[in-house]
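Work through the exercises below with the model open. Each task is followed by its solution.

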Amino acid sequence: AGQLPGGNINVDENIFPLLPPLLRGHPDVHLRNGVMNASRSADPDAENAFFVADLSQVYRQHLRWQACLPEIQPFYAVKCNPDPYVLRLLAALGTGFDCASNGEISQILDIGVDPSRIIYANPCKAVSFVRNAGKVGVSCMTFDNEDELYKIARAHPGAQLVVRILADDSKSVCAFNIKFGAALATVPGLLAKAKELNLDVVGVSFHVGSGCYDPSVYTDAVMRAKTAFDMGTEAGYQFSLLDVGGGFEDALFEQAATFLTDAIATYFSDRRGIKVIAEPGRFYVSKAFSLATNIIARRAPSADAGPTNENSEAQPDRPSVMYYINDGVYGAFNCILFDHQTVHPYVLSMGGSFHVASSEPVANSSVWGPTCDSIDCVCPATQLPGALRVGDWLGFDGMGAYTVCAASQFNGFAVSRVIYTTGGFGATALEVRRELAKFAMADRHGL
Ligand code: PLP
């Protein structure tokens with residue numbers, strides 16, 4: 001059986017005490033000399049695409065969060081990647097959780113998290129879901145409209161409410177204002193209605209949009225939140241919760257943290273009695289998952305056919321080599337459609353050996369998913385070595401956010417499974433690639 005690469009490169013020792021209880025009972029995982037190994041021997045088909053989740057990367061992001069935003073408690077946005085081991089790790093590290101549905105709430109409660117560590121951060125909920133939240137002890141929930149207040153008054157009158165306000169989302173890859181958020185002008189009316197219904201409003205939340213590429217927008221959002229706090233005081237409430245939402249991009253995280261810290265210091269200079277939380281999703285998981293895919297088919301101009309080759313004749317602009325891999329936009333690569341991502345393949349193995357980048361000839365290529373739909377294009381134009389063949393492996397990094405959570409089984413293709421590591425590799429991108437390739441090839445050759 002292939003073994004998940006072990007070794008002890010870059011493993012943070014502090015994570016080890018947490019892992020055995022987190023992973024106990026997982027059929028594919030065992031710990032050897034403190035390093036987690038996974039056996040894929042049960043895999044009936046060694047060509048299957050698979051994720052490798054490096055849990056130590058999630059842990060490193062948590063350390064980064066604590067170092068940069070020590071005053072802000074993260075409530076991980078479960079929707080981003082509800083992987084059971086990511087959730088258990090974060091639960092053990094003490095984060096809270098942002099849930100958006102009954103299903104997410106029960107997933108978190110089932111791993112033993114206290115309901116007080118959950119914020120039900122969906123401003124538009126089914127009334128039965130609101131009632132269920134009350135039944136299971138989740139009291140903190142967001143709202144942004146009057147109808148929601150009537151529902152909550154009926155189904156969960158003891159809830160602690162957080163008014164979600166609009167924030168500038170124009171600097172984010174995924175904007176939310178079109179669907180959620182109360183304009184500041186409407187907040188006094190909403191708070192008056194909440195008072196009339198005898199509801200407890202405890203604070204304010206916003207979301208600058210997911211994948212925020214200009215973190216200066218946090219400054220304006222915090223300023224708006226302060227205005228909403230003042231409106232709360234006017235309405236007779238004493239707010240105690242500020243929720244600064246998600247949107248944190250890995251590469252801009254430190255900048256975002258500085259903008260947030262400064263804005264909170266400016267607008268909430270006296271924040272005694274105020275708890276500040278956030279709802280980060282992609283920041284925690286994006287880099288922790290890589291995907292290995294197998295080339296299952298290839299369409300290339302035949303050497304003999306020359307310029308009369310049927311493909312080039314039919315569509316001269318088509319990249320000369322088309323690769324078909326065993327995950328696509330109906331699976332893990334749904335992030336291309338729903339999360340506006342572009343992905344970049346690299347060669348993991350070629351001709352049964354590790355791929356070491358060299359000056360080998362490359363060809364204009366495109367990469368396609370396995371389904372029968374032509375929208376299933378993973379990468380319309382890229383350069384890949386001309387010597388790539390069916391059976392070789394392509395890798396993709398940064399596949400942890402908004403991927404596996406929304407994957408479908410369209411056309412009967414299974415969702416790629418996840419294999420876990422505590423970071424036996426991960427020091428450099430090259431090490432990740434080599435180890436993924438080793439793993440992929442071990443399976444391919446049934447070693
Ligand atoms: N909070 C809410 C209410 C969201 O809708 C989302 C994303 O959709 C998040 C948090 C997480 O955002 P991100 O992954 O950008 O941190």
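**Exercise 1.** Find which residues of α7 meet which residues of α8, then describe the packing.

Step 1. V187, P188 and L191 in α7 meet A228, M231, G232 and E234 in α8. Two residues are in contact if their C-beta atoms, placed from the backbone, lie within 7 Å. Helices are DSSP runs (H or I, at least four residues), as are strands (E, at least two), numbered from the N terminus.

Step 2. Sort the contact of α7 with α8 by class: five nonpolar, one polar and one charged. Here Ala, Val, Leu, Ile, Met, Phe, Trp, Tyr, Cys and Pro count as nonpolar, Asp, Glu, Lys and Arg as charged, and the others, Gly among them, as polar.

Step 3. Take the geometry. Helix α7 spans residues 187-196 and helix α8 residues 217-234; they pack at about 40°, with axes 10 Å apart. That angle makes α7 oblique to α8. Angles under 35 degrees count as roughly parallel, over 145 as roughly antiparallel, 65 to 115 as roughly perpendicular and the rest as oblique. Axes are lines fitted to C-alpha atoms, for helices over the stretch in contact, and angles run from 0 to 180 degrees between N-to-C directions.

Step 4. Assign the hand. α7 passes α8 in a right-handed crossing. Right-handed means the near helix is turned clockwise from the far one by less than a right angle, left-handed anticlockwise.

The model is predicted: local features need pLDDT of at least 70, side-chain atom pairs count only at pLDDT 80 or more, and totals for chains, interfaces and linings use all residues. Residues are numbered from 1 along each chain as its sequence is written.

**Exercise 2.** Describe how α4 packs on α5.

Step 1. Helix α4 (residues 102-110) and helix α5 (residues 127-136) pack at about 15°, with axes 10 Å apart. So α4 is roughly parallel to α5.

Step 2. Their crossing is left-handed.

Step 3. N102, I105 and L109 of α4 contact F129, N132, A133 and V136 of α5. The classes are five nonpolar, two polar and no charged residues.

**Exercise 3.** Determine the hand of the crossing of α2 and α3, and its contacts.

Step 1. α2 passes α3 in a right-handed crossing.

Step 2. L55, V58, Y59 and H62 of α2 contact Y85, V86, L89 and L93 of α3. Seven of these are nonpolar, one polar and none charged.

**Exercise 4.** How many residues surround the ligand, and which are closest?

Step 1. The count is 17; the closest are A77, S210, G246, E279 and G281. Near means a C-beta atom, placed from the backbone, within 6 Å.

Step 2. β11 (210-212) and α10 (282-285) each supply at least two shell residues.

Step 3. The shell divides into six nonpolar, seven polar and four charged.
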